[in-house]
Amino acid sequence: MPATSLSEYLIEKQKKLAHLNDGLVSVLVDLAEACKKTAHAVNQGALTHSLESLDSINVQGEKQQALDVISNDIFLAFADQNKHVAGLVSEELPDVYFPHHLQSDADQFPAQRYLLAFDPLDGSSNVSLNISVGSIFSVLPCPDAVQQPQAQAFLQAGKHQVCAGYAMYGFSTMLVITLGDGVDCFTLDETTDEFVLTSPEMKIPQDANEFAINMSHQRFWEPAMQRYVGECLQGVEGVRKKDFNMRWVASMVAEVHRILVRGGVFMYPTDSKIKKQGGKLRLLYEANPMSFIVEQAGGASSTAYERILDIIPDHIHQRVGVVLGAKHEVELVNAYHNR
Ligand code: AHM
Ligand code: MG
């Protein structure tokens, strides 16, 4: 059977999904192009001196890497020329960004308009180590018929996303997307510069024997999280009656991809150290898109207390605790926390 390209896939999906209009297709095609360009920048690595840290600090209070800025500029450039993008928020920008096309063509905007939220380079503390990093994106409907939707327009629960995805820059560049109709994975064929469908209909098994958490924060965890991980560590002799493996890449894209490929559960819970800020991971462009993907693959996603996709955000850079992956494991974590 001939390989299915991303464009062929989208034509087929348009026949099936009412919400997949030409505007949304063009946004998704541009996001895929931005991911290709970012992959190229990441692959060039030390050759272009892009693996260095900068002196600048982003809105999150984190030191920026040169590649954080390069990848952010790549995504902005694509949004600047796509009339279906009404505004965006990025991990690297303090406020809502309005694409240039809005300024140049003030009176005309199309009916099909979307809001983008993205992390242009997630896991960027890994770039100097040549460990996989990725880009994460979320597409929301634009609720207002106003030219420049303000931050309030982005404060929609994640269940309203019309599309979410990530690209992983690893041995090969992969693009994983959901349009609310399952999860499909594409691999970039560098000989044709096209994304080709390689793993359709990815599914996460409901049970797991692998967990991912940064164990160095153990002393700050809530008792319920101590209990859950403690029971995993007891192994076959303990209450869970099975051995668990553990992984921590410190790159959420790589962790979620592993869970889609071979199952497991990923946790970055809130704890006594980061409670004030709500957690480590950002709701709009990390937790929400990954939760949409995981749920569409048959998994579950919560803060350890509530479903992430139900949360109505307070502000665009809100942070939350994240527990996602195998449904039965997430349910167990929730049960321990909600007791
Ligand atoms: P980033 O967006 O600044 O890269 O931060 C998010 C990353 C996630 O990819 C990963 O799960 C987590 O931070 C790792 O954090 P830690 O270094 O605390 O283990
Ligand atoms: Mg990130």
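A crossing of two helices is called left-handed if the near helix is turned anticlockwise from the far one by less than a right angle, and right-handed if clockwise. By that convention, helices H5 and H8 cross in a right-handed manner. The model is a predicted one, in which local features need pLDDT of at least 70, side-chain atom pairs count only at pLDDT 80 or more, and totals for chains, interfaces and linings use all residues. Residues are numbered from 1 along each chain as its sequence is written, while chains are lettered from A and ligands numbered from 1 in the order in which they are written.

Helix H5 spans residues 223-234 and helix H8 residues 327-338; their axes come within 8 Å and cross at roughly 140°. Here axes are lines fitted to C-alpha atoms, for helices over the stretch in contact, and angles run from 0 to 180 degrees between N-to-C directions. Helices (H or I, at least four residues) and strands (E, at least two) are DSSP runs, numbered from the N terminus. Ala224, Arg227 and Tyr228 of H5 meet Leu332, Val333, Tyr336 and His337 of H8, with contact taken as C-beta atoms, placed from the backbone, within 7 Å.

On the H2 side, the contact includes Asp30, Glu33 and Lys37, and on the H3 side Phe75 and Phe78 are among the partners.

At the level of domains, the protein chain is assigned domain 1 (6-199) and domain 2 (210-337), with bounds from an automatic or database domain assignment. Their C-alpha centres lie 24 Å apart, and 35 residues of domain 1 are in contact with 28 residues of domain 2. Strands S4 (114-122), S5 (133-141), S6 (163-169) and S7 (173-178) each give two or more residues to the domain 1 side, and S5 gives the most, with five.

Of the 13 residues around the ligand, Asp122, Gly123, Asn214, Ala250 and Met252 come nearest; a residue is near if its C-beta atom, placed from the backbone, lies within 6 Å.

Note on methods:
Two residues are in contact if their C-beta atoms, placed from the backbone, lie within 7 Å.
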